[in-house]
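Thanks for making time, everyone. Please have the sequence and the structure open while I talk.

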Amino acid sequence: MPDDIRPLLHASGISKFFPGAVALDEVELTLLPGEVHALLGENGAGKSTLIKCLTGAYRRDGGTITLNGAEIDPASTNESQALGIGTVYQEVNLLPNLTVAENLFLGRQITRGGLLRRRAMIRAAREVLLDYGLDIDPAEPLTSYSVAVQQVVAIARAVEMSGKVLILDEPTASLDRDEVQLVFSVIRKLRDRGLAVVFITHFLDQVFEISDRATVLRNGRVVGERDLGQVTPNDIVTLMLGRQLEERVHERKGGRAGEVLVEVEALGKRGMIEPFDLTIHEGEVVGLAGLLGSGRTETANLLFGAVQGDQGRLRKRGQEIRITRPRDAITQRFALCPEDRKTDGIVGDLSVRDNIILALQARQGWTRPLPRARVNEIAEHYVRALDIRLASLDMPIRLLSGGNQQKALLARWLATQPELLILDEPTRGIDVGAHAEIIALIERLREEGMALLVASSELEELVAYSTRVIVLRDRRQVGELTGDQITPSNIVAAIAAEAPKEVTA
Amino acid sequence: MSATTPSVFKRILPQLIILAVVLALNVIVFPGFLNIEVHNGRIFGNLIDVLNRGAPVALLCIGMTLVIATRGIDLSVGAVMAIAGATAASLVSDGHHWTTSLLGALLVGSLCGLWNGFLVAVLRIQPIVATLVLMVAGRGIAQLITEGTILTFIDPGLIRLGAGTIIGIPTPILIWIALGAGAILAVRRTALGMLIEAIGINEASSRLAGINSRVLLICVYAMTGLCAALAGVIVAADIKGADANNAGLWLELDAILAVVIGGNSLLGGRFSILASLLGALIIQSVNSLILLSGMPPEFNLIIKSVLILCILVIQSPKVGHLIYMLRASSLHVPPPEPPSRRVLTPKEDAQ
């Protein structure tokens, strides 16, 4: 950091505790005037908590914030806005049915004697937006413009109201390449005007394209502040994932990949994941690697029908199949343990027993209830086989620990005797013991000849069980590693590889 | 699923206690409350009246319990009652046999339910809004069927459903007990109950587990329509006429109340039809209490709401927690909670 420039905003020692967890641990953030500062980290690293502490949406439990050298203590987002800190979120938080001008001036309308001066407002809005390179009619409703334009309007609103620090929380997540450039050109203008812009994104190439410096968070701590001109994407990924990457080659034992089970041809969905091909054999574990938002989860969801694709074909054992919803996939003996266990996996208030037999029972239909004895037999079998720790099968599943919930969900799917088991982040948020057991289970299932597709952000874990790793970046498959190529550093290299230079602006 | 006898008893214990208390109050204000007599082969008594008069709400709350278990609600059941009553009356006065009229009314009620189910499950309209449509439109439809009059009929077959007896017991009692028992068996002896609960607790998870939530939701609303139709026919048969304006008026609220008194969460999930039925009986016992106490009728609604409020306050989680804490603290004094420690390790001088 150059010493001669006084920081515009300086936050130091920011801490935030949630019941039972430390969300932020003495985090330090320095923003210089006229810079774009990337805030990086995997999910749960503390990015949004930090933002919320800065904008006053959360009360911090420790630390100080200074703006232009003066200490500030915003108690609400309104207060921070008035102080000069504006925020724009991924989902445009404007009012879609109002006009562009109304959105821009909402809360500080131009009035005379208590009456709106509509025409003056539209004129002022047009001038403001021209500054941002938008030549649009501000009298039109916001929804008549693209998301990118809406995003720029949101930025304009935030800057006009605040004007010192602009925080952009994943502003490009739902934009395509050209639209990203539109937003970027606006960001560059603001930077040149001397604002400090905080840029949060999961797209690494965008970070390097627009940002000057980056602060990387992991597990609520700052693990590094870097000048992006002097580091490679590789360094940043290593910082984010935070491992001394071990070059340990895992011996691949037993069971070779068998016959082709599933062939995917050009399956994709616009704005979610580019069409991809994928072949999965019996008795192999295909790992999906990539940063958040790279398309790991999307691949899994599309294959299972949790999300319906808009193109592509699927074959199972050479036969064409159609999967438009999870029920179809289950009929084809596919299974998916979703990424978010709480919202998409467990049925919290139902008993562990009911949760385990849920998918099997759903496939059988409600008219053919599993006999009670059989239910108990299945549930007890998996409780034993997977070593699920519980007081009773009758207890609600939400009372189990994360690892045991995950095992119960695995039991739910194993009970359906799947041919293809898709696991999305199977070890997220579970304790070390269960972690090792789940990895051993994946290994065992593979040896028994099951086909598995596992998406994970834990590189070492992927290396441990995958027979093949597919690397995704920017919603696209960008590489495939097999055999001895599968090492953490090779995966990082593939994730971080510079995107092919394209001139799109 | 896991409906073993002790757990069922534990589940409905609060409702049983409340019912016992309200019945005891009835006995206090009217000592002959529990007397049951037989005249001309028909049993009479205040207790029988409670069971008999409670039939419409009991029937409604069977379907309402299921709908609420799916995290929905059905505001249209009162209006569906009016439609079904009008249909039955109109069919029977057109000379159809009473069984045909009954089946016709049930069919119309089920169609109303299907319509609600379609709005909720297919078009994904919020249940409270979706069913509000039929709540408003339903009385209009009923008025069209009765052509704006109170359509009276004299068919003894149809009248027996509301005012008659079978082996000395008023028919409505037998109907709601039979339907209630049938519904309980249907949801607990098949996987239906569990799947409905799963949808109500977490629809996203349920969908991913392969549950056909759309079909299930439609069925549940259709079932509610059917229950409402049956209630509508009973009410019409009881007064020997279909009153499009007043039949089932505000009863949807009583039905929801019965479900709530039954300890079922409006947020969906685990449910007990039996407890809802007890809730319906509690409401009817409160009605009877007000009647027997000889209070001026203008106090009725206020007393009823005060009593209901008391029941709900006693059942509320806050009070439940308070009772739990009182009991726990009388057993032992817990050690004071240590002040929240900072679970930070000293920070290394990084970078």
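Let's start with a helix on a sheet. Helix 9 of chain A, residues 296-304, lies across strand 13 (260-269) and strand 14 of chain A. The angle between helix 9 of chain A and strand 14 of chain A is about 70°. Keep in mind throughout that this is a predicted model.

Now the sheet itself. It is an open sheet of four strands in chain A, in the order 14-13-16-17, and the pairing is antiparallel. Which strands sit at the edges? They are strand 14 (273-281) and strand 17 (319-321) of chain A, and each of them pairs on one side only. On average, neighbouring strands of this sheet are turned by 20° against each other, direction ignored.

Strand 16 of chain A, residues 311-316, runs antiparallel to strand 17 of chain A, and three bridges join the two. Find A:Leu314 there: opposite it, in strand 17 of chain A, stands A:Ile321.

Next, another strand pair in chain A. Strand 18 (residues 334-337) and strand 19 (residues 420-424) of chain A pair in the parallel sense, over four bridges. A:Leu336 has A:Ile422 of strand 19 of chain A as its bridge partner.

Are the side chains of strand 18 of chain A buried or exposed? In a regular strand, side chains alternate between the two faces of the sheet. Here both faces are covered. A:Phe334 and A:Leu336 are buried on one side, and A:Ala335 and A:Cys337 are buried on the other.

Zoom out to the domains of chain A. The assignment gives domain 1 as 9-97 + 141-241, domain 2 as 259-333 + 418-505, and domain 3 as 349-416. Taken over C-alpha atoms, the centres of domain 1 and domain 3 of chain A are 43 Å apart.

On to chain B. It has 15 helices and six strands. Its C-alpha atoms fill a box of roughly 95 × 55 × 40 Å along the principal axes. Of its 351 residues, 49% are buried. Take the contacts in chain B between residues at least 6 apart in sequence: 78% of them join residues at least 24 apart.

Terms used: Residues are numbered from 1 along each chain as its sequence is written. Chains are lettered from A and ligands numbered from 1 in the order in which they are written. This is a predicted model: local features need pLDDT of at least 70, side-chain atom pairs count only at pLDDT 80 or more; totals for chains, interfaces and linings use all residues. Domain bounds come from an automatic or database domain assignment. A residue is buried if 20 or more other C-beta atoms lie within 10 Å of its own, exposed if 12 or fewer, and partly exposed in between; C-beta atoms are placed from the backbone. Two strands pair if DSSP finds at least two bridges between them. Two residues are in contact if their C-beta atoms, placed from the backbone, lie within 7 Å. Axes are lines fitted to C-alpha atoms, for helices over the stretch in contact, and angles run from 0 to 180 degrees between N-to-C directions.
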